[in-house]
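User: I am new to this structure. Could you walk me through some of its contacts and strands?

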Amino acid sequence: MQLAVANAAQARLRSRPNPWVGAVITSSSGVVATGATEALGGAHAEIVALRQAGDRTKGATLYTTLEPCHHVGRTGPCTKAIIEAGISRVVVGVIDPDEQVSGRGIEAMRQAGIQVDVGVKSEEVSAQLAPYLFHRRTKRPFVVLKMAYTIDGRTSAADGTSQWITGQDARRRVHELRAESDAILVGAGTVRADDPYLNVRDVAGDSPRRIVLGKIDSGAHVHPCLEYSGELTTLLDQLGGEGVLQLLVEGGPRVAAEFHGQGLVNRYVMHIAPVIAGGDDSNPVFRGPGARTMAEMWRGHFISSTRLGDDLEIVLEAS
């Protein structure tokens with residue numbers, strides 16, 4: 001299953017809106033074949049592995065990070081191919097919460113006489129597939145809030161400038177986050193202050209859809225984009241319905257505060273620079289009313305901390 005997880009990582013940038021899944025087929029002699037989900041319209045990970053294995057599938061074991069599909073979409077059901085290939089055992093990382101699957105694939109394989117074990121490395125698989133699983137359970141995108149700030153909690157200088165608080169390694173990481181996201185969102189104030197492109201550069205991957213909260217000048221670099229004014233929950237419902245699995249929110253401070261205050265952030269990615277603004281006359285990380293008491297403060301847990309050149313990336317999620 002660990003090898004299947006590694007294979008799934010290779011599909012992260014190409015499979016969406018399908019989940020990025022990895023598969024491995026083994027026999028008594030060891031690993032027979034591996035697979036990862038192809039681009040939209042291509043084969044699922046299990047089918048890739050079955051094709052690679054050829055006639056070595058009879059009596060073999062198939063490991064897959066996500067429950068095999070049992071419905072006809074752009075491709076046929078993986079369960080049918082698994083059964084016909086003579087696989088004797090299937091090991092599944094997590095059950096697919098998609099309403100078209102949701103245990104049906106597992107049940108079909110068991111009815112065909114295949115031994116099915118579920119939950120192997122489920123925590124690791126769930127973390128890898130978090131945006132997909134959240135989308136299928138809630139019909140909304142997984143929201144990642146990324147903010148860069150000085151070690152004393154400032155996102156800009158007193159004159160409003162913010163390029164660049166963090167260094168090149170941290171900025172490259174931001175482009176990786178963009179490539180992993182289906183859409184990116186900022187406020188109109190950020191566009192007016194920085195005139196960003198919000199595209200993917202310096203790393204492999206497609207640029208996400210661009211969304212701006214509010215109205216901006218027609219000559220802004222962020223165009224073409226959606227200029228949105230309305231409830232954030234309505235926007236998330238709309239994006240989820242359009243197949244957006246992950247939304248990256250890059251601020252600024254008022255937008256960050258809106259998403260945070262409404263409890264809409266799934267993951268916080270904080271880039272902290274060894275820089276000191278030295279005062280309170282510049283933008284904070286969140287602008288607006290905060291928690292009134294210690295009891296009302298948001299509390300989460302650290303997922304990771306990573307050195308990015310001279311900067312530090314801290315990732316948090318709710319407890």
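Analyst: A salt bridge is a side-chain nitrogen of Lys or Arg within 4 Å of a carboxyl oxygen of Asp or Glu. By that rule, E99 forms a salt bridge with K139, and their closest N and O atoms are 3.8 Å apart. This is a predicted model: local features need pLDDT of at least 70, side-chain atom pairs count only at pLDDT 80 or more, and totals for chains, interfaces and linings use all residues. Residues are numbered from 1 along each chain as its sequence is written, and side-chain values use heavy atoms, with hydrogens and water left out.

User: Where do E99 and K139 lie in the chain?

Analyst: E99 is in the loop between β4 (89-94) and α4 (104-111), while K139 is in the loop between α6 (130-138) and β6 (142-150). The pair links distant parts of the chain, 40 residues apart. Helices (H or I, at least four residues) and strands (E, at least two) are DSSP runs, numbered from the N terminus.

User: Is E99 buried or exposed?

Analyst: E99 counts as exposed because its relative accessibility is 58%. Buried means under 20% relative accessible area, exposed over 50%, and partly exposed in between (1.4 Å probe, protein chains only). K139, at 43%, is partly exposed.

User: How many salt bridges does the structure hold?

Analyst: The structure holds 12 salt bridges. One of them joins the side chains of R140 and D237 at 2.8 Å, N to O. R140 lies in the loop between α6 and β6 and D237 in helix α9 (residues 232-241), so this pair ties together parts that are 97 residues apart in sequence. R140 is partly exposed at 22%, and D237 is partly exposed at 41%.

User: Which residue does E84 meet in a salt bridge?

Analyst: E84 meets K80, with 2.7 Å from N to O. Both residues lie in helix α3 (residues 78-84), four residues apart, about one turn of the helix.

User: Changing topic, what is the strand order in the open sheet?

Analyst: The open sheet has eight strands in the order β9-β8-β7-β10-β6-β11-β13-β12, with mixed pairing. Its edge strands, β9 (226-228) and β12 (300-308), each pair on one side only. Two strands pair if DSSP finds at least two bridges between them.

User: How many bridges join β7 to β10?

Analyst: Three bridges join β7 (residues 183-187) to β10 (residues 246-249), and these strands run parallel. The bridge partner of I184 in β10 is L248.
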